[in-house]
Amino acid sequence: MTSRKWKVESFLPALLAAVLISACAINPVTGKRELSFMSEAQEISVGRELDAQVRQEMGLYEDEDLQRYVQDLGMRLASRSQRPNLPWSFAVVDSPAVNAFALPGGFIYITRGILPYLDNEAQLVGVLGHEIGHVTARHSAQQYTRGMGASLGVLVGSIFVPEVRPFADLAEGGLGVLFLKFSRDDELQADALGAEYTA
Ligand SMILES: [Zn+2]
């Protein structure tokens with residue numbers, strides 16, 4: 001029995017290495033290899049699933065002209081990003097919270113509550129560009145990877161990340177998921193990427 005156990009253990013490093021290599025992906029923004037348990041196809045399918053949930057539970061703000069305007073503006077920015085071929089979508093959700101958020105795969109939302117805070121198109125472009133930056137840099141996918149060791153709740157919560165900065169703490173538990181915020185570094189990178197797309 002002891003010799004058999006020893007054999008299994010001798011395989012472990014190789015097994016672990018195989019898992020790590022297959023889980024490694026190239027970051028579209030930095031071009032660096034990084035540990036990732038979420039492929040682009042998975043990003044898109046998780047995003048689609050949660051998008052349906054957002055649309056159902058939060059609802060879309062009923063203003064077709066506004067929705068089209070936000071969608072067009074977002075598409076113009078996303079087409080200049082490092083990941084122009086994602087199924088990008090931009091929508092205004094019917095929530096009073098002052099918020100903007102992004103799902104993996106390119107699903108981006110602003111709330112109707114944020115509208116009064118946006119004085120002009122440039123500010124809206126700034127918000128959308130920042131959210132696009134979170135998607136292109138795979139921040140959600142990275143959080144998913146970091147959450148692999150944690151519970152499923154944390155994992156799901158890590159995918160749905162609200163954008164309360166720079167607007168106070170107006171978190172809303174509309175979807176009943178646990179909210180985790182991006183790190184300061186992720187926020188700075190999204191800001192830089194957003195500025196790049198805007199330019
Ligand atoms: Zn952000």
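Strand S3 is largely enclosed by the rest of the structure, because five of its five residues are buried. Buried means under 20% relative accessible area, with exposed over 50% and partly exposed in between (1.4 Å probe, protein chains only). Strands are DSSP runs (E, at least two residues), and so are helices (H or I, at least four); both are numbered from the N terminus. This is a predicted model, in which local features need pLDDT of at least 70 and side-chain atom pairs count only at pLDDT 80 or more, while totals for chains, interfaces and linings use all residues. Residues are numbered from 1 along each chain as its sequence is written, and side-chain values use heavy atoms, with hydrogens and water left out.

Look along S3. Ser 89, Ala 91 and Val 93 point one way. Phe 90 and Val 92 point the other way. In a regular strand the side chains alternate between the two faces of the sheet. S3 also has a partner: it pairs with S5 in the parallel sense over five bridges. Two strands pair if DSSP finds at least two bridges between them. Ala 91, for instance, has Tyr 109 of S5 as its bridge partner.

Now step back to the whole chain. It holds seven helices and six strands. From the N terminus on, they run α-β-β-α-α-β-β-β-α-α-α-β-α. Of the 199 residues, 45% are buried.

Next comes the interior. A nonpolar core is a set of buried Ala, Val, Leu, Ile, Met, Phe, Trp, Tyr and Cys residues joined through side-chain atoms within 4.5 Å. The largest one has 26 residues, and Val 70, Trp 88 and Phe 90 are among those with the most contacts inside it. Helices H3, H4 and H7 and strands S3, S4 and S5 each supply at least two of its residues. H4 gives the most, with six. A second, separate core has nine residues, including Met 58, Phe 101, Leu 103 and Tyr 109.

Not counting residues up to four places away in sequence, Val 70 touches Phe 90, Val 92, Ile 110, Leu 124 and Leu 128. Contact here means heavy atoms within 4.5 Å.

Finish at helix H7, where Ala 190 lies. Ala 190 counts as buried because its relative accessibility is 0%. Leaving aside neighbours within four places in sequence, Ala 190 is in contact with Gly 129, His 130, Gly 133, His 134 and His 139. Ala 190 and Val 127 are 63 residues apart in sequence, with their C-alpha atoms 9.9 Å apart in space.
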